[in-house]
Amino acid sequence: MSVNPKIFKAYDIRGVYPGEINEEAVRAVSRAFVFWLKRKIKKTPKIVLSRDARISSSFLREAALEGLIGAGAAVVDVGLTTTPMHYFVVNREKADGGLMITASHNPKEYNGVKLSRKEAAPVFEANGLLDVKRMVVEGGSLDSVLGAGKKFRKHKVVKKNYLTAYVNFLAKFASPAVKKLKVAVDCGSGMAGLVLPPLFKKIGVKYKGLYLKPDGRFPYHEANPLKEETLRDLKNLMKEKSFDLGIAFDGDGDRAVFLDEKGRVIFASFILALASEDFLKNRPRETVLYDFRSSIIVPEIIRKYGGRAVPVRVGHSFIKQKMAEVKGFFAGELSGHYFFRDFFYCDSALLMVVKIMNILAQSDKKISALVLPFKKYWHSGEINFRLKNDAEKEKKLKTLAKKYRGGKISWFDGLLTEFPDFWFNVRPSNTEPLLRLVLEARSKGLMEKKVKEISSILSK
């Protein structure tokens, strides 16, 4: 049985279990990853292995262990973690790489693998994942690369529990003032529920939690807070009682969506602007990176407070790489990923939660009042258009470029077109047959008019 090449995405490896991704695939990926690392570092690699709570993750973990050990790696197995906690362990262990078994926010039938190098630097399509894919897919097995039947020294697997160390690390960033807050949280039965209760207990935050226990069946709702319907229970909870803030997490705990005191979703650009304003007041001239689809209020705020604003392509791998290059202090993405130099240039939803709670607790204003000044422009959010095939992507982008050639056009990531009173981006999804539209205008009427106009082209 050969490995399905479609499981290899731009940033990671992902598919439906067991039809697309299965034990054979993960075993082969793990072996290839070790061989790839050995060629890079010229020594036996030390690799951190973690997993989320999906039902299939325990089976895939066994396959990963077989692949890693069989190829001669030294393995530190830390069991259940969030993805940010996995990155923390890779750095604390001074490991050569990491392998996290997770499908992030995808539904329960999915699973996948995230690979990283030293310091949790991501392994993605442009810097090594294609090499791993070739080893796994070409020829149907790794025997031609590793040598059929070749034996490697098998190292003893070391098991460690890093939960307390990770909680203590996050707690160091919390202000004593957060003890006055009352917060509503929905962990969606995902991995954030492993870390949040001990963290909030340690820093003294009063909270009411929904679906805190990690459960890979996701019995209550899909762990994807970008889908409005998954926030229903959290919003209902916030209507029943008074809270200062609401927070929802995705399946592997690396994304957070914030709600104001009235249970209304706060646009990620406003969270990014609020955090940038607070950070730069104390650290002007720092570099802040932002998802280029963000509201233009974000670079405006960064520059207002003396920072250097750097737009970056969509995708955590691109952001981490660029942050390291420019020594960025902080970065944010519309999907709810937030990255910190203080966290090894990696993303941590809970660290962002702590930062936002600090800002709120040290102010005499509600969170809705703190973000109100950022509501200067009208942003569409991300709108998806499903395509019949990949060939349609290029055709539709060329049609749009021709129609809006009067604007400033660039191909930074898909088609980006800028006019004095509005801008839009249409980019192909890296994982699905979709085109994603984001548009912002200086008035609501213009935003709605242009969204309708462009949608009519994309939906034909």
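Modeller: Strands are DSSP runs of E with at least two residues, numbered from the N terminus. The model is predicted, so local features need pLDDT of at least 70, side-chain atom pairs count only at pLDDT 80 or more, and totals for chains, interfaces and linings use all residues. Residues are numbered from 1 along each chain as its sequence is written, and side-chain values use heavy atoms, with hydrogens and water left out.

The part to look at is strand β20, residues 422–428. On one side its partner is β19, residues 415–418. A hairpin of 3 residues leads from β19 into β20. The two run antiparallel and are joined by 4 bridges (strands pair if DSSP finds at least two bridges between them). Within this pair, T417 faces F424 of β20.

Strand β20 also pairs with β21, residues 434–441. These two are antiparallel as well, with 7 bridges between them. Here P428 is opposite L435 of β21.

Of the 7 residues in β20, 6 are buried, so the strand is largely enclosed by the rest of the structure (buried means under 20% relative accessible area with a 1.4 Å probe, protein chains only).

For contrast, turn to β6, residues 158–159, an edge strand that pairs on one side only. Its partner is β3, residues 74–80, in the parallel sense, over 2 bridges. In that pair D77 stands opposite K159 of β6. Both strands belong to an open, mixed sheet of 6 strands, ordered β1-β5-β4-β2-β3-β6. The other edge strand of this sheet is β1, residues 13–16.

Conventions:
Buried < 20%, exposed > 50% of the residue type's maximum accessible area, 1.4 Å probe, protein only.
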